[in-house]
Amino acid sequence: MQAERVLAEAPKFLSQQQREDYFENGYLLLEGLFSGERLERLQAVAAEFVERSRGLTVSDGTFDLEPGHSAVEPRLRRLTQPVGHHPAFWDYASSSPIADIAEDLLGPDVKFHHSKLNYKWADGGEEVKWHQDIPFYPHTNYNVLAIGLYLADVDDEMGPMGVVPGSQRGEIFNHYNDRDQWVGALDDKDLGRVALEKTVWLAGRAGSVTVHHARIVHGSVPNRSARGRPLLINAYSSADALTITPHPAPCRYNGHLIRGRPARWAEFDSEPCLIPPDWSGGYTSIFALQQEEGGANVAADGDWGRGFLTTSDLVRATMSPGRRTACSKPWF
Ligand SMILES: O=C(O)CCC(=O)C(=O)O
């Protein structure tokens, strides 16, 4: 659905000005939107998963661990598809004002795409290099966005989400390196064409919400503070935007209609979109890929030519129990 048609619908939650700002700049920051019981519930559940991660020594389909993670000092990068692991996450993603915001920006028919909880741990929690989301999950049109919720107070020292205003209206960049390996980030040459000097860092207190368009160039620096920066992200599309590559993180909620009616007609945007590797056989996470960790660039079954792989990576990627089961794969 085109922006004009979305804007013609009566808003549920946002002001018309906020919706226009989103279409102009590609992002919103809604300070302190959540507080009280709902926020506390999500904070408590996020902390529960930290406790559960203490028993792990390697990343699995649910937990993406930073190097250095231990039982005594857990260091989580990400909880993958939290909606599949606790009802509080799905309740928030599907039935909170977040769903109204998605509707206000995507139109009346809204599909859930995926979720992730990026912990960005204290004292060096990893950067997310500049990238666009849409090449990770191309759709037939660009009515796709992600909504983040800070579960803790986040200041500039903690690596808040950074966005380049208006870049969602510019080009879609290559996310492969010069050896044709997917690295999930822009290279320095391409970054020269991005107005990084205009970057807005979306810091905010716990309960603040970020929204970013799937084409906007965004990223975040390492967390240099002594406090964690948990950011819960849910991605959505308009119902008429169909995914054109297999979903690498199978989950019972992927593609679930959270508002309106299923599409009868697919809408196509004529502008081409970069295609990611085939991850239907396995994937790690944007962190592992961007840091070029061993095994991170595992692609489809049989696609062993992309480098980074050791034998054990291949075994893990192809033989791990729960492969292709609900919500089992760490992802971008
Ligand atoms: O956690 C962040 O700072 C950014 C996350 C992000 O861009 C992503 O996971 O795609």
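User: By class, which residues does the shell around the ligand have?
Analyst: This is a predicted model. The shell around the ligand has five nonpolar, three polar and three charged residues.

User: And which residues are the closest to the ligand?
Analyst: The ligand is surrounded by 11 residues, and the closest are N118, V128, M161, S220 and L231.

User: Which elements give two or more residues to that shell?
Analyst: Those elements are β4, spanning 110-118, and β10.

User: Let us stay with β10. In what order do the strands of its open sheet run?
Analyst: The open sheet is formed by four strands in the order β5-β10-β7-β8, and their pairing is antiparallel. Its edge strands are β5 (128-131) and β8 (200-201), each of which pairs on one side only.

User: How many bridges are there between β5 and β10?
Analyst: Two bridges connect β5 and β10, in the antiparallel sense.

User: What holds strands of a sheet together in general?
Analyst: Strands of a sheet pair through backbone hydrogen bonds, in either a parallel or an antiparallel manner.

User: Why is P230 classed as buried?
Analyst: P230 is buried because 25 other C-beta atoms lie within 10 Å, and the cut-off for a buried residue is 20 or more.

User: Which residues is P230 in contact with, leaving aside its neighbours within four places in sequence?
Analyst: With those neighbours set aside, P230 is in contact with A46, L117, Y119, L151 and A152.

User: A change of topic: strand β9. Is it mostly covered or mostly open?
Analyst: Strand β9, residues 209-213, is mostly covered, with five of its five residues buried. V209, V211 and H213 point one way from β9, whereas T210 and H212 point the other way.

User: Which strands do bridges join to β9?
Analyst: Strand β1 (residues 27-30) is joined to β9 by four bridges and runs antiparallel to it. Strand β6 (residues 144-150) is joined to β9 by five bridges, again antiparallel.

User: Which residues stand opposite each other there?
Analyst: Y27 stands opposite H212 in β9, and G148 stands opposite T210 in β9.

Conventions. Residues are numbered from 1 along each chain as its sequence is written. This is a predicted model: local features need pLDDT of at least 70, side-chain atom pairs count only at pLDDT 80 or more; totals for chains, interfaces and linings use all residues. A residue is buried if 20 or more other C-beta atoms lie within 10 Å of its own, exposed if 12 or fewer, and partly exposed in between; C-beta atoms are placed from the backbone. Two residues are in contact if their C-beta atoms, placed from the backbone, lie within 7 Å. A residue is near a molecule or strand if its C-beta atom, placed from the backbone, lies within 6 Å of it. Ala, Val, Leu, Ile, Met, Phe, Trp, Tyr, Cys and Pro count as nonpolar, Asp, Glu, Lys and Arg as charged, and the others, Gly among them, as polar. Two strands pair if DSSP finds at least two bridges between them.
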